[in-house]
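Here are my notes on the model, as numbered points. Please read them with the structure open.

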Amino acid sequence: MNLLTLETRSLTLHRYPSTLDQNLQAWDAADEYLLRELTKEQLTGLSGPILILNDSFGALACGLADYQPVAISDSFLSQEATRRNWQTNELDEQHLHLQDVLAPLPTAPALVIIKVPKTLAMLEYQLMRLRDVVTAETRIIAAGKAKEIHTSTLALFEQILGETKTSLAWKKARLINCTFSKPELAAASQTLSWKLEGTEWTIHNHANVFSRTGLDIGARFF
């Protein structure tokens with residue numbers, strides 16, 4: 001089943017790399033919930049760019065192609081899947097904007113859409129970067145599997161960006177709505193330590209090369 005039917009269009013979407021398992025789709029309930037929530041009326045007349053973070057196979061970018069979103073990912077496979085699905089659906093390639101996570105983010109976005117990553121470290125890094133470019137007028141909406149959105153997930157949004165609320169679950173997915181208020185951040189320790197899982201090693205950092213919340217930016221690549 002490769003057809004995703006939306007209010008405004010139907011999309012043919014494939015995973016990349018391809019798979020013979022017909023039960024594996026190129027989108028999930030969180031993608032559907034986000035696209036269902038973001039109606040055409042809400043998106044018309046936005047005064048700034050739309051940013052999409054962690055779009056696995058391009059379902060969100062393709063679904064919002066009319067609004068020329070900027071899709072931000074640290075995965076080559078995700079970007080390649082987005083390119084291929086964009087071409088499959090004969091979308092205007094001039095409207096496809098792909099960006100890696102290290103590139104500067106567009107300032108003052110009107111809308112930020114986040115697929116909640118599996119690791120809190122990645123989420124923390126992304127929220128810290130967004131903190132520098134979003135405004136009080138930016139709509140920030142995230143989504144993920146309901147079972148993977150924990151109190152700690154919501155706490156990061158609250159601590160870094162501002163007031164955070166969750167929706168009711170739909171198809172086992174949940175939305176997170178956040179209003180940016182730039183809350184004051186607690187100072188990070190200059191010395192950080194953590195256990196390396198499955199070993200007897202403890203990693204220590206003594207240099208001031210971490211974000212203000214203590215995130216090792218390089219950790220997302222391991």
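1. Gly144 stands opposite Arg174 in strand β9. The model is predicted, so read this pairing as a computed one. Six bridges join β7 to β9, residues 173-178, and the two strands run antiparallel.

2. On β7 there is also a parallel pairing. Five bridges link β7 to strand β6, residues 111-115, and these two run parallel. In this pairing Ile113 faces Ile141 of β7. Strand β7 itself spans residues 139-145 and is mostly covered, with five of its seven residues buried.

3. α5 has twelve residues. From its first C-alpha to its last it reaches 16 Å, close to the 16 Å expected at 1.5 Å a residue. α5 is mostly covered, too: ten of its twelve residues are buried. The buried set includes Met122, Leu123 and Leu127, but also Glu124, Arg129 and Arg131. Against what do the buried residues of α5 pack? Their partners are β3 (50-53), β6 and α6 (151-160).

4. Next, the cores. The largest nonpolar core has 33 residues, and Leu13 and Ile113 have the most contacts inside it. Elements giving two or more residues to this core are α1 (29-37), β3, α3 (59-63), α4 (76-88), β6, β7 and β9. α1 gives the most, with five residues. Apart from this core lies another, of 28 residues, among them Ile114, Met122, Ile140 and Ile160. In soluble globular proteins, nonpolar side chains tend to be buried together.

5. Leu13 deserves a separate look. Leaving out residues up to four places away in sequence, Leu13 touches Asn2, Leu4, Ala26, Trp27, Ala59, Cys62, Asn85 and Asn89.

Technical notes:
Residues are numbered from 1 along each chain as its sequence is written. This is a predicted model: local features need pLDDT of at least 70, side-chain atom pairs count only at pLDDT 80 or more; totals for chains, interfaces and linings use all residues. Side-chain values use heavy atoms; hydrogens and water are left out. Buried means under 20% relative accessible area, exposed over 50%, partly exposed in between (1.4 Å probe, protein chains only). Helices (H or I, at least four residues) and strands (E, at least two) are DSSP runs, numbered from the N terminus. Two strands pair if DSSP finds at least two bridges between them. The expected span of a helix is 1.5 Å times one less than its number of residues. Contact means heavy atoms within 4.5 Å. A nonpolar core is a set of buried Ala, Val, Leu, Ile, Met, Phe, Trp, Tyr and Cys residues joined through side-chain atoms within 4.5 Å.
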